[in-house]
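Welcome, and please have a look at the model below. The report then walks through a few local features, starting with the peptide backbone.

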Amino acid sequence: MYSKTLTAFTMATQLLARALAQDWESAYSKAQSALGRLTLSDKVGIVTGVGWNPGGECVGNTHPVGSIGYPSLCLQDGPLGVRYASSITAFTPGVQAASTWDLDLIRQRGQYIGEEFRGTGAHVMLGPVAGGLGKIAEGGRNWEGFSPDPYLTGIMVAETIDAVQGVGVQTAVKHYILNEQELNRETMSSNPDNRTTHELYLWPYVDAIHAESSSVMCSYNKIHGVWACESDFAINTLLKDRLGFKGYVMTDWAAQHSTALSANAGLDMTMPGSNWDGGDVYWGPQLQTAVTNGQVPESRVDDMVTRILAAWYRLGQDSDYPSVNFDADVAGNHAENVRACARDGTVLLRNEDGILPLTNPSTIAVIGSSSVIGRHARNQCQDGGCNDGALGMGWGSGAVDYPYFVAPYDAIDERASAEGARVVLSSSDNTASGASAARGADVAVVFITADSGEGYLEVEGNRGDRNNLDPWHGGNALVEAVANANENVIVVVHSVGPIILESILSHDSVKGIVWAGLPSQESGNALVDILWGDANPSGKLVYTIAKQRGDYGTQVVSGNDDYDEGLYIDYRHFDNAGIEPRYEFGFGLSYTTFEYGNITIEAVRPIAPGSATGEVISGGPSGLFEDVATVSVPITNTGEVDGAEVAQLYLSYPPSAPATPPLQLRGFDKVRLAAGESGTATFTLRWRDLSYWDTASDTWVVPSGSFGISVGASSRDIKQEGTIEV
């Protein structure tokens, strides 16, 4: 179990941040007061970056303004730790953290990340990632986010924002919006219909804005032919009007294409200064000229500045905020969260003949180049080593340097030695060497990988997005060779997302498949916890693993993307098309068994059909966020070991609603139970969870009729069903 004990540093940071934090109204008042002391030049400096890393490690900075004590704001990557810092933690990527389905761990992860940003003096964390959502299985940066399910992503994003900002660090949720692939990301246009935009791709941003994110980062792509960072519809209509966003919108780095047009469309900050060397191509003096000649009202610049300053005041960053120091040692005890997320996000896919947990093997063969330290774990990705050796994260601006890396082989060898077992290592992907190591061993553990990242790097012929869904480095052939040499094979997969497992599953001697995902620096320790049964696997898939590539219904496109699949991505598509997945969304085995009791559904308040009501608050009309029903299901651990079950609630819509996916995730609860113990999974449904986006009225609507409620262990393993009448 991970520790919930707060360190003295954590407690002090929390107390200080809470004491200094303000509500938006108070922060806006302070910002507007400060605005009166600023010249137009000051204002333009606050909204314009000064270039990439001009005077330190920050990937973005703004101009300071001494008259109001405003510093050069430090903006820093990224979603899983402080980039370019020396004594930090390499946290697990979002997709691994989400695979725990554990909100306590998600909050702890966010808090620890926030503490490290604050400790190094960075004002703005460039994250978390709400989009790309991950509609394309090969999408290069899917691993930075949480899941292709918008509900799950929204919950994880909101919890992360709340935790990071709870220690006084601003979040910049990204990449807004419809940025779903790396190929041609800076030129392509994403063209989904209005309903798809709202129900899938905007959904997590509703949660982010409701959680009061300080900032939103607009993306590189176009939206219906208009650049995202100068889209009046995306920024003003969706974010600031419909969602009531009070913070500021910044560009992704060099994602700006105009001066007046982007300003009038609602953009508030340009990074890193419009081009990579801070030459102020579009703002800076150009913006000041545009105001002077009447192309941009000064009131629009005042609004930009007010939003930026309000976010700074709101989190108390105007008082006693640390100076930038990327050499500060801020790691503390945070590795405990890495190990917990790596361990509890591990998904057990196959366990034939109870091969796991290991029971006193005398000889263990460890096979594969990804079982040992390589250039990836030595932070040598730029030298072509992004997927050389053991893998813990993808590549690009969302990655950080490891302070250390515990490779699987090292941890297995240490544990085996303590147990009196011998380990035989084949540290290459050579099939003959792997087969030789496997012969005569009690069990053979084979390591395979698949990697991806940001498109500015090409790795082994993959430019960001993966070229296919096969394991890298001949993984299928390696497993086959080992499977032909040993009757007890366990395959460990370290991957950024789904791979096709059919070749591997065709071998009867492959008795175990451990989906270890992206475990970051505690890789080996977390794996050993699972292999020897010190921890019971409790992770569940946050995406679908198909039987063949074509089953997904989406792919990387070379031109513009019209999003013809609409609402039907990942499990929504599989369910709607009647396609049997290999491993469905939400799937994961355990070393114990669970039994679900009868479902109970209770209305919190009467539910009437119709459109969303209430004043627009952060996230949209206030009525969206009102609780309408609770659902509970008793669960009993019927096995012989302690464990945790992730119970999931899926909703189906009545016939009166326009075509909707057969099932949609609308709740989850991770219940930890000792052997023989019973507990209760509880889900709270909000008004929003029962709604769909009505394109005729341009609002959220709850339809009339009978909603189906399905609770189970995965999207295809439903244990209990009920209905809600509206």
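Pro357 lies in the loop between strand 10 (347-351) and strand 11 (363-367). Helices (H or I, at least four residues) and strands (E, at least two) are DSSP runs, numbered from the N terminus. The peptide bond from Leu356 to Pro357 is cis, and its omega is near 0 degrees. Another cis peptide bond links Lys174 to His175, with omega about -10 degrees; His175 belongs to strand 4 (residues 170-176).

Most residues other than glycine have a negative phi, and most peptide bonds are trans. His473, in the loop between strand 15 (462-463) and helix 16 (475-483), has a positive phi near 55 degrees. His473 is partly exposed, at 29% relative accessible area. Here buried means under 20% relative accessible area, exposed over 50%, and partly exposed in between (1.4 Å probe, protein chains only). Asp698 also has a positive phi, near 55 degrees; Asp698 sits in the loop between strand 27 and strand 28 and is partly exposed, with a relative accessible area of 32%.

## How the model is read

This is a predicted model, in which local features need pLDDT of at least 70 and side-chain atom pairs count only at pLDDT 80 or more, while totals for chains, interfaces and linings use all residues. Residues are numbered from 1 along each chain as its sequence is written, and side-chain values use heavy atoms, leaving out hydrogens and water.

## A covered helix

How many residues of helix 7 are buried? In helix 7 (residues 194-201), seven of the eight residues are buried, namely Arg195, Thr196, Thr197, His198, Glu199, Leu200 and Tyr201. The partners they pack against include helix 6 (150-165), helix 9 (232-242), strand 27 (692-694) and strand 28 (699-702); contact means heavy atoms within 4.5 Å.

## A helix crossing

The axes of helix 2 (residues 24-35) and helix 12 (residues 298-314) come within 8 Å and cross at roughly 125 degrees. Axes are lines fitted to C-alpha atoms, for helices over the stretch in contact, and angles run from 0 to 180 degrees between N-to-C directions. Helix 2 and helix 12 are therefore oblique to each other (under 35 degrees counts as roughly parallel, over 145 as roughly antiparallel, 65 to 115 as roughly perpendicular and the rest as oblique).

Among the residues that meet are Trp24, Tyr28 and Leu35 in helix 2, and Val305, Leu309 and Tyr313 in helix 12.
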